[in-house]
Amino acid sequence: MSDDAHDLLSRARVATRLPAGDLERARRFYADKLGLEAVDERPGGLLYRCGGIDFVVFRSTGASPGTFTQMAFEVDDLDAVVAELRGRGVVFEDVDAPGFRTRDGIAQIDGNYPSKGARGERAAWFRDSEGNLMGIGEPTR
């Protein structure tokens, strides 16, 4: 394999896809609860952009089991974001997993990726209108 073939995907843009049983319900949730508006749409799909990264919410007859984080937002002030989203009616999950547990919806997680220059992360999770599990994290330094 040539060197170009080895980094074929490392130069690609990555875009998350989230299933929605009801696309209009999802649109309202993302607008009203998260303050996000679709930047583009096509029949059966809504394109959102956050921090230069795209994600798509698409009409699907299938659904995620909601047992794992499907997409996460990295923020600078987790407390402010959680407070704002709670004020908009977002309900945060209680998590009790090996190594961490949420208190008032926020968990302190030890360890982080060395390239991020953080010693850990504070995190919170919520579900969108379609049952997709979303995370919000703030690196701790």
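Predicted model: local features only at pLDDT ≥ 70, side-chain atom pairs only at ≥ 80, totals over all residues.

User: Let us begin with sheets. In what order do the strands of the open four-stranded sheet lie?

Analyst: In general, strands of a sheet pair through backbone hydrogen bonds, in a parallel or an antiparallel sense. Here the order of the open sheet is β1-β4-β3-β2, and its pairing is mixed. The edges are formed by β1 (16–20) and β2 (40–42); each has a single partner strand, so one side of each lacks a neighbour in the sheet. On average, neighbouring strands of this sheet are turned by 20° against each other, direction ignored.

User: How many bridges pair strand β3 with strand β4, and in which sense?

Analyst: Strand β3 (residues 45–50) and strand β4 (residues 53–59) are antiparallel and share six bridges. One example is C50, whose bridge partner in β4 is I53.

User: Which helix lies across these strands?

Analyst: Helix α2 (residues 23–32) lies across β1, β2, β3 and β4, and runs at about 145° to β4.

User: Which strands does β9 pair with?

Analyst: β9 is joined to strand β8 (residues 107–110) by four bridges, in the antiparallel sense. Within that pairing, I109 has E121 in β9 as its bridge partner. β9 also runs antiparallel to β10, with eight bridges between them. There, A123 stands opposite G137 in β10. β9 and β10 form a hairpin with five residues between them, and G131 in the turn has a positive phi of about 90°.

User: Is β9 largely enclosed or left open?

Analyst: Six of its eight residues are buried, so β9 is largely enclosed by the rest of the structure.

User: Which residues does F92 touch?

Analyst: Leaving aside residues up to four places away in sequence, F92 touches V82, L85, R86, G105, A124, W125, F126 and I136.

User: Finally, how many salt bridges does a search of the whole structure find?

Analyst: As a general idea, side chains of opposite charge can pair when their charged atoms come close. The search of the whole structure finds 11 salt bridges. One of them joins D54 to R49, whose closest N and O atoms are 2.6 Å apart. D54 is partly exposed at 23% relative accessible area, and R49 is also partly exposed at 45%.

User: Which parts of the chain does the salt bridge between D79 and R122 tie together?

Analyst: The side chains of D79 and R122 meet at 2.9 Å, N to O. D79 lies in helix α3 (residues 78–87) and R122 in strand β9 (residues 120–127), so the pair ties together parts 43 residues apart in sequence. D79 is partly exposed, at 41% relative accessibility, whereas R122 is buried, at 19%.

User: What distance separates R122 and E138 in their salt bridge?

Analyst: The side chains of R122 and E138 form a salt bridge at 3.2 Å, N to O. This pair links R122 in strand β9 with E138 in strand β10 (residues 133–140), 16 residues apart. Both R122 and E138 are buried.

Technical notes: Residues numbered from 1 in each chain as written. Heavy atoms only, no water. Salt bridge = Lys/Arg side-chain N within 4 Å of Asp/Glu carboxyl O. Buried < 20%, exposed > 50% of the residue type's maximum accessible area, 1.4 Å probe, protein only. Helix = DSSP H or I, 4+ residues; strand = E, 2+ residues; numbered from the N terminus. Pairing = 2+ DSSP bridges. Axes fitted to C-alpha atoms, helices over the stretch in contact; angles between N-to-C directions. Contact = heavy atoms within 4.5 Å.
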